[in-house]
Amino acid sequence: MSPYLKNLLLIGLLLSPSVFSQPPLRHEQEDIPEGPMQIERVKDGLYMIRGPFTRCMRAICTPDGRSYGDDLNHETGDVAVRVTPAGLILIDSKFNDQVDDILALVRTISPLPIKYVLNTHHHPDHAQGNGVLQTTGLDIVGHKNTRANFLNIGQPGEPNIVFDREASVFLGGIEVRMYHIGRGHTDGDSVIYFPDLSTVHAGDLIIDGMPFIDYSSGGSAVEWVETIDALLEIDFDTLIPGHGWIMNKEDVVAYRYRFAEMNRRMQELAQQGVPVDQVVEALQLEELGWENTVSTSTWLNNSLVPYYNEMAAQ
Ligand SMILES: [Zn+2]
């Protein structure tokens, strides 16, 4: 058994069912100002592109200038850029009208062409830009269910190279590996691993916010926790989330335990027959650190009922 799984089990034993005592999560979005897209170095040869940061995102902008009914600044999916001597590998592509800004920021770190786009999953705020990038002739790699999810929602730019469990792209002497280790946020989640940098991009499997379970795309709360356990088996010290700033392995362990605790509470409530419109308060999201995050309202609007049903059926 790996040290991390032992650690997880130990933490699990120490957690009493009724008292959840973990340090509070720090949510960067509570402090982050509105602003344009920006590129930041993660490690030598690896960058991430975040933002733009705004209260109001695209078509769901409300008359009061907010998209989600909260007072947080939201951002589209974190993009990673891996630089190799033979060209660049992009992880995800944000919305299609954000590709020009992505390319302008990429040009500030390298003049080399982008050779591949690897997708963490199909959601438009992470992968809609594929449709624009694909016109330049590059290859797009994703899990086979991610391709199917592109086709299901009629989104151009579906991966032209797919895999089932694991794939690697080799470019300029550098390997970038992709793992599909189980369902979670969707049924096509990929973890992108940079072995020489001990870094992963986890897409929306790990975010600075509440886990949004996209049941319409095959997501599962129960399997998501198992998927995070498998993610923790990978040898990494740095994680790029789907949304938010970089994290370390301890952040992922904390996320996993909050998620497992929420599942335990929801299962208990659902199996006791507490009506779904009364469970949110009993879940005590503030104790889990998820009462006011960038994804809380999306979760309430889209995940709550199917999540209740999934946990009732356990
Ligand atoms: Zn997503």
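Is Arg183 buried, exposed or partly exposed, and what is its relative accessibility? Arg183 counts as partly exposed, at 29% relative accessibility. Please bear in mind that the model before us is predicted. My subject this morning is its salt bridges.

Let me stay with Arg183 for a moment. Its side chain meets that of Glu223 in a salt bridge, with an N to O distance of 2.9 Å. The two residues belong to distant parts of the chain, 40 residues apart: Glu223 sits in helix H6, while Arg183 is in the loop between strand E9 (174-179) and strand E10 (191-194). Glu223 is also partly exposed, at 29% relative accessibility.

I turn now to Lys43 and Asp237. The side chains of these residues form a salt bridge as well, at 2.8 Å from N to O. Lys43 lies in strand E1 (residues 38-43) and Asp237 in the loop between helix H6 (221-232) and strand E12 (238-241), so this pair ties together parts that are 194 residues apart in sequence. As for accessibility, Lys43 has a relative accessible area of 18% and is therefore buried, the limit being under 20%. Asp237, by contrast, is partly exposed, with a relative accessible area of 41%.

A further pair is Glu175 with Arg177, whose side chains meet in a salt bridge at 3.1 Å, N to O.

How many salt bridges does the count come to? The count comes to 13 salt bridges. Some of the residues form a network: Glu261, Arg264, Arg265, Glu268 and Glu287 are joined into one by salt bridges that share partners.

Terms used:
Residues are numbered from 1 along each chain as its sequence is written. This is a predicted model: local features need pLDDT of at least 70, side-chain atom pairs count only at pLDDT 80 or more; totals for chains, interfaces and linings use all residues. Side-chain values use heavy atoms; hydrogens and water are left out. A salt bridge is a side-chain nitrogen of Lys or Arg within 4 Å of a carboxyl oxygen of Asp or Glu. Helices (H or I, at least four residues) and strands (E, at least two) are DSSP runs, numbered from the N terminus. Buried means under 20% relative accessible area, exposed over 50%, partly exposed in between (1.4 Å probe, protein chains only).
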